[in-house]
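Let's take a walk through this model together, from the contact between its chains to the helices and strands inside them. Have the structure open and follow along.

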Protein chains: 2
Amino acid sequence: MFDAESYVRPFVLDEAGLTLRVLDQRKLPDEETWIEPRDVEAVAVAIEDLYVRGAPAIACVAALGLAVCVRAFDDEPLRFRAQLEQACVRLSNTRPTAVNLFVALREIREAIAALPADADAATMRAVVMSTAKAHAEGDLVSCLAMAGHGAPLLPDDGAVLTHCNAGALATAGYGTALGVLRRGRELGKRYTVLADETRPVLQGARLTAWELQHDGVPVEVIADNMAGALMAAGEIKAAVVGADRIARNGDVANKIGTFTVAVLCKHHGIPFYVAAPWTTIDLSLPSGDEIPIEQRKPTEVMCHGGKQLTPAGVGVRNPAFDVTPAALITKIITETGAYDPQEIAAAASERG
Amino acid sequence: MFDAESYVRPFVLDEAGLTLRVLDQRKLPDEETWIEPRDVEAVAVAIEDLYVRGAPAIACVAALGLAVCVRAFDDEPLRFRAQLEQACVRLSNTRPTAVNLFVALREIREAIAALPADADAATMRAVVMSTAKAHAEGDLVSCLAMAGHGAPLLPDDGAVLTHCNAGALATAGYGTALGVLRRGRELGKRYTVLADETRPVLQGARLTAWELQHDGVPVEVIADNMAGALMAAGEIKAAVVGADRIARNGDVANKIGTFTVAVLCKHHGIPFYVAAPWTTIDLSLPSGDEIPIEQRKPTEVMCHGGKQLTPAGVGVRNPAFDVTPAALITKIITETGAYDPQEIAAAASERG
């Protein structure tokens, strides 16, 4: 069962709320290096440059990082509010696809807006910190809840495929897709995990493999182009992935290559699950067509292990995400239950 | 049009037939280094260790390499024949999936077997060389012919996807899939080529990009997991790949990930073409289920740019090929025409 002390986590706030330590995921699994961003720009860069990644973790680090940084903001309340707004704009401009970031920043803005106009800076600092902590705590609780809803859907044996890293490292802890996979094993299921290496940044080969190995969950890495053959061979019984944004109609944006996994699952009649908290669901967007897809720098595709392997002068593409249509998704697993993707809007209304 | 002098080629036999130079494709695109294997073991290692790869090129290098090496075989005819048989066994044991290798070696064995029992070593050396040269010349002619049959099938614009390297570097010159793509551009079609990088060995990122750039064909590299999203976006109008072995029923073994491309094409209604010479078609196998799939060493998947990126102790899979069922293939383009995959057996009977 979940033991907060032993599990991997991508960030740690000290008890006094003075420093946020962020694990540099770019260096995993070789090195466990932690950074301590001390101003808003440093928090933004940690997100932009993938020190921390994963939709829920980005949101937590932005919120908690901001909560630490507001200690240095002006004591004059109007100037404090202006600096806070500026900081939220900067943090919003780091990465466009994952919606959790915008949710966490909105929670902070709304909590401040709800204060009396004459609230002092100390009060505002306390409110930012409480709101950020609540977001992060809520994320961990969500992961544990979605694991409970998702684990019973998994097969008893064979292999389960996952793509990218939707794990403890991508959340406040335990993980979305990998939380479901952890819980299934804890319940005694005997499947192994196949991790797509997930080019170009290799979150599967580096991060998913590392954190599952850490927790004793059997895992093997495959190149992204191998999953199809292993499905055809009957080895893969299910796929579980995370999400960066889910539209009202159940379309899911997630790491590039997720759509291909879903098409392969459909072709083979294999269930394809998405595990994500409600903070990932963006009811303002009618469909996946409206989800902005981040284009990242070409060197991520050109380079392997730090070395450029494509010929000089040849261009590359680097869309960081793709959209999987609702029709290819078996269930979306959230902290309130597992839904058909088409049920998401109705379930949202019931949640109120 | 085809200009033998300007095109890329993976091996060169000198006029006197004394040395075979083989381009070390492992070092492309960084370095153009050539090796000169001087005995059968060196030829075998050049194939096993991917100095040369690509089903037709492997066969040519095995045959021509053998033809060079038989100069050092015993002058006593019986011992010569025994050494030749031993050499054929060694070369056959290099790589199991591509069938062209076995075809080329069989041609040499049969040519020797057809000689009078008292043929001397000099005669046998000449026959081995002639047979090997005929195989290589035939391969080049096949590539040029299949380009003519395949090019009219290609779209006039948009992007055409290819996987791995089925190019000049994989053949005696010009290429199978890339020959078709070259010829289409020569005929004035305006498509660009998208090259899957093709993990783990990156034949697409390194070799296809390099040789198409060399010939002025517009090419961009994508990670293998990006093709699905670009198909969904309507950018990709067709896919053309090579083959390592084609069974009697039209099932095609080719580089790992080919099957996934075919499934994605089927999902999007995009034509999926296989270009391969008749030497790749193995009528002795009823279906793709019987094609042996080579499993290669784990370090190819663990390492990127020479650096291990998976955590120590985590296992990987490395099947080098997969099988695409005939039902997913629009046409198989050969030197005698483009066929529905189901027509291959009948076309073979007509060829006699």
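A salt bridge here is a side-chain nitrogen of Lys or Arg within 4 Å of a carboxyl oxygen of Asp or Glu. One such pair joins the chains: the side chains of B:Arg317 and A:Glu220 form a salt bridge, with N and O 3.0 Å apart. Please keep in mind that this is a predicted model, where local features need pLDDT of at least 70, side-chain atom pairs count only at pLDDT 80 or more, and totals for chains, interfaces and linings use all residues. Residues are numbered from 1 along each chain as its sequence is written, chains are lettered from A and ligands numbered from 1 in the order in which they are written, and side-chain values use heavy atoms, leaving out hydrogens and water.

Let's stay at the interface. Across the boundary of chain B and chain A the rule finds eight salt bridges, while the count over all chains comes to 44. Contact (heavy atoms within 4.5 Å) links 52 residues of chain B with 52 residues of chain A. The buried area, meaning the accessible area (1.4 Å probe) that two parts lose on being put together, summed over both, is about 4200 Å² between these chains, and carbon and sulfur atoms give 62% of it. On the chain B side, B:Asn225, B:Met226 and B:Arg317 lose the most area to chain A, together 17% of what that side buries.

Helix H6 covers residues 177–186 and holds both A:Arg183 and A:Glu186, three residues apart, about one turn of the helix. These two form a salt bridge whose closest N and O atoms are 2.9 Å apart.

Elsewhere in chain A, look at H4 (residues 100–113) and H5 (residues 121–150), whose axes come within 9 Å and cross at roughly 145°. Axes are lines fitted to C-alpha atoms, for helices over the stretch in contact, with angles from 0 to 180 degrees between N-to-C directions. Residues of H4(A), including A:Val103 and A:Ile108, meet residues of H5(A), among them A:Val128 and A:His135. The residues of this contact divide into nine nonpolar, three polar and one charged (Ala, Val, Leu, Ile, Met, Phe, Trp, Tyr, Cys and Pro count as nonpolar, Asp, Glu, Lys and Arg as charged, and the others, Gly among them, as polar).

Note on methods: Helix = DSSP H or I, 4+ residues; strand = E, 2+ residues; numbered from the N terminus.
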